[in-house]
Amino acid sequence: MINMKKIHHIGFLAKNLEKTAKDFESMGYERNGGGFDPIQKAEILFMNMDGVNVELVVPSEDSEVYPLLKKYRNAPYHICYEVENLEQAIEEFVKQGYALFRPAVKAVAISETARVAFLMGRNVGMVELVEL
Ligand code: NI
């Protein structure tokens, strides 16, 4: 079993940040920080309800994630797990056959020190790992 600390957030692709944020707010979510992530080239807004974070991701046209928006439209598209050691966790996932979609990069929308990586699993789709 791969050792994960906890679920950090659920990534949700959105075409329009304000419209999506407002609809989440009307369900009781509260805005919980974010900003433009220059590495992922996406506008990010975290929304929290009951301790669960939903990460609204609005990719720029030149973002690697932009094609996904066309495919899925507004929809959840990854689950992010907090791990103790990012490199070690990536290694374990790769060993289990996951493809490394985006190697470790800084995630300024989460915090100054956070680093994330994305993997693709045949059966569970996109997995994001974060080391805080
Ligand atoms: Ni994410």
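The four donor atoms around the nickel ion subtend angles of 86 to 179 degrees, so the arrangement is irregular. For reference, four donors are tetrahedral if all angles lie between 85 and 135 degrees; four are square planar and six octahedral if opposite donors are over 155 degrees apart and all others between 65 and 115; anything else is irregular.

This is a predicted model, where local features need pLDDT of at least 70 and side-chain atom pairs pLDDT 80 or more, while totals for chains, interfaces and linings use all residues. Residues are numbered from 1 along each chain as its sequence is written, and side-chain values use heavy atoms, without hydrogens and water.

The nickel ligands are His9 (NE2), Glu55 (OE), His78 (NE2) and Glu128 (OE), at 1.9 to 2.1 Å. Donors here are N, O and S atoms within 2.8 Å of the metal (3.2 Å for Na, K and Ca); water is not among the atoms, so sites may look incomplete. The sequence spacing of the donor residues is H-x45-E-x22-H-x49-E. Histidine 9 in strand S1 (residues 6-13) and glutamate 128 in strand S8 (residues 125-131) are 119 residues apart. Strands are DSSP runs of E, at least two residues, and helices runs of H or I, at least four, numbered from the N terminus.

Buried or exposed? Histidine 9 is buried at 0% relative accessible area, and glutamate 128 is buried at 0%. Buried means under 20%, exposed over 50%, partly exposed in between, with a 1.4 Å probe and protein chains only.

Now the backbone. Lysine 41, not a glycine, has a positive phi of about 50 degrees. Lysine 41 sits in the loop between strand S2 (30-37) and strand S3 (42-49) and is partly exposed at 33%.
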